[in-house]
Amino acid sequence: MSRSIQVSRGLLVVVALALMPALAAAQPEEAPPEGEPAAPAAPAEAAPAAPATPGTDAGSYAVRLRDLEQRINELKEQIFRSKARLSLLAETVLSHVIAGAKAVLVHRNEMGSSFKLVKAVFTLDGAPIFNKVDEEGNLGEQEERTIFDGSIVPGEHNLSVSLEYRGHGYGIFSYLRGYRFTTRASQAFTAAEGKTITVKVIGYERGDPTTPLEDRPSIRFNERVSAGTGGTRTPTKEGGAEE
């Protein structure tokens, strides 16, 4: 019987020795004692970076480069066209200035003594070229006055004129001083290249002594075209228009 007990004890020892590694692995790690810092965890290994693809980078760079070259070529073409337009414009302007045309605008006063010119406004192509007021009536003292004498662009032009008069009289006719009379007219004319056109604006009284005073002030135009734009003029054409 003692022999069987010994055999049983031997088997228990063998089983215990066989189970010891498994039990040691299953036991939890002991917590560090209070006051002592925990051991730092081992750093995780970083994942390896994806390898660069040289072929892809080179391709995208080439695409961007071609796009930039295309944009530069477009800008060069725009600059070239702009220079061409500017050159053509400069040539046109210079040709007009060199050859050009000339206009001489003259005012002539043929009104009677019952009217004193107190205001005159001349406009060429919508731009005022003469605007003068003289309540003393001295504007009409000079029989003829040159309003404009200079170069203009060849082609069609329009001259607008406004003349204002004040009545003038003595004795029983002194009441005329309180009256104002305004007459307006316009004239289209053509300035030929290399020639001078003279437009004479004539303020005159129309009608007869029975015509009412307010209907008498009027304007007519005379035109004369001469060769050249300076020096001695040779008359080539005359014409006129009446309001």
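## Overall picture

In this protein, residues 24 or more positions apart account for 65% of the contacts with a separation of 6 or more. Keep in mind as you look around that this is a predicted model.

The secondary structure comes to two helices and nine strands. Reading from the N terminus, the order of elements is α-α-β-β-β-β-β-β-β-β-β. The protein has 243 residues, and 26% of them are buried. Its accessible surface comes to about 17,200 Å², with 57% of that belonging to carbon and sulfur atoms.

## Strands side by side

Let's start with a hairpin. Strand β2 (residues 115-124) pairs with strand β3 (residues 127-133) in the antiparallel sense, over six bridges. Across this pairing, K119 stands opposite V133 in β3. Two residues separate the strands of the hairpin, and D125 in the turn has a positive phi of about 55°.

Another antiparallel pair is β5 and β6, joined by 12 bridges. Strand β6 (residues 180-191) has a covered face that includes F181, Q187 and F189, while its uncovered face includes R180, R184 and A188.

## A look at H157

Is H157 buried or exposed? Its relative accessible area is 10%, so H157 counts as buried, the cut-off being under 20%.

Which residues does H157 touch, not counting those up to four places away in sequence? They are L124, D125, I152, Q187, A188, F189 and A191. With D125, the residue in the hairpin turn, H157 also makes a side-chain polar contact of 2.6 Å.

## Salt bridges

Side chains of opposite charge can pair when their charged atoms come close. How many salt bridges does the structure hold? There are 10. In one of them, the side chains of E144 and R108 meet at 2.8 Å, N to O. This pair links distant parts of the chain, with E144 in strand β4 (residues 144-152) and R108 in strand β1 (residues 101-110), 36 residues apart.

Another salt bridge joins R220 and E110, whose closest N and O atoms are 3.2 Å apart. Because R220 lies in strand β8 (residues 217-227) and E110 in strand β1, the pair ties together parts that are 110 residues apart in sequence. R220 is partly exposed, at 23% relative accessible area, and E110 is partly exposed too, at 33%. These residues belong to a network of salt bridges linking R108, E110, E143, E144, K200 and R220.

How values were computed: Residues numbered from 1 in each chain as written. Predicted model: local features only at pLDDT ≥ 70, side-chain atom pairs only at ≥ 80, totals over all residues. Heavy atoms only, no water. Buried < 20%, exposed > 50% of the residue type's maximum accessible area, 1.4 Å probe, protein only. Polar contact = N/O pair within 3.5 Å; in protein donor to acceptor, adjacent residues only side chain to side chain. Contact = heavy atoms within 4.5 Å. Helix = DSSP H or I, 4+ residues; strand = E, 2+ residues; numbered from the N terminus. Pairing = 2+ DSSP bridges. Areas by Shrake-Rupley, 256 points an atom, 1.4 Å probe, with all protein chains shown as cover. Salt bridge = Lys/Arg side-chain N within 4 Å of Asp/Glu carboxyl O.
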